[in-house]
Amino acid sequence: MAATTEEQIERVRELVASIPPGTVATYGDIASAAGLSSPRTVGWIMRTDAADLPWHRVLGASGRPAPHLAHRQLAKLELEGVPIRDGRVDLAVARHRF
């Protein structure tokens, strides 16, 4: 796998920062918009460099947050009015399109 460039990291950060309150995007949505080959790259960037971003608006393709973040992430999304049912965000309603 090729090393992630500073430009790619900055592009992912810009995309995450652009997700409006009340909406979400998946790791795959962001990877596609950033021209990255894998959603895992977005996950790596988010794990290492997203403390100052609206990280809670980024989810896996299932609409479920990671188990270790679920309570905190869903609470933040709920405050923004994101539709949640059975611990899963309704991506058909809440998905942001880049």
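Start by selecting Asp52 and Arg13: the two form a salt bridge, with their closest N and O atoms 2.8 Å apart. This pair links distant parts of the chain, since Asp52 is in the loop between α3 and β2 while Arg13 is in helix α1, 39 residues away. Keep in mind as you look around that this is a predicted model.

Now colour the two by accessibility. Asp52 is exposed, at 55% relative accessible area, whereas Arg13 is buried, at 14%.

Asp49 is partly exposed, with a relative accessible area of 30%.

Next stop: Glu80 and Arg57. Their side chains meet in a salt bridge at 2.7 Å, N to O. Glu80 is in the loop between α4 (70-79) and β3 (84-85), and Arg57 is in the loop between α3 and β2, so parts 23 residues apart in sequence are tied together. Arg57 is buried at 9% relative accessible area; Glu80, at 24%, counts as partly exposed.

From Arg57, hop over to Thr23, which is in contact with Arg57, Val82, Ala94 and His96, leaving aside neighbours within four places in sequence. You'll find Thr23 in the loop between α1 (6-17) and β1 (25-26). What lies 2.7 Å from a polar atom of its side chain? That's the backbone oxygen of Pro20.

Note on methods:
Residues numbered from 1 in each chain as written. Predicted model: local features only at pLDDT ≥ 70, side-chain atom pairs only at ≥ 80, totals over all residues. Heavy atoms only, no water. Helix = DSSP H or I, 4+ residues; strand = E, 2+ residues; numbered from the N terminus. Polar contact = N/O pair within 3.5 Å; in protein donor to acceptor, adjacent residues only side chain to side chain. Contact = heavy atoms within 4.5 Å. Buried < 20%, exposed > 50% of the residue type's maximum accessible area, 1.4 Å probe, protein only. Salt bridge = Lys/Arg side-chain N within 4 Å of Asp/Glu carboxyl O.
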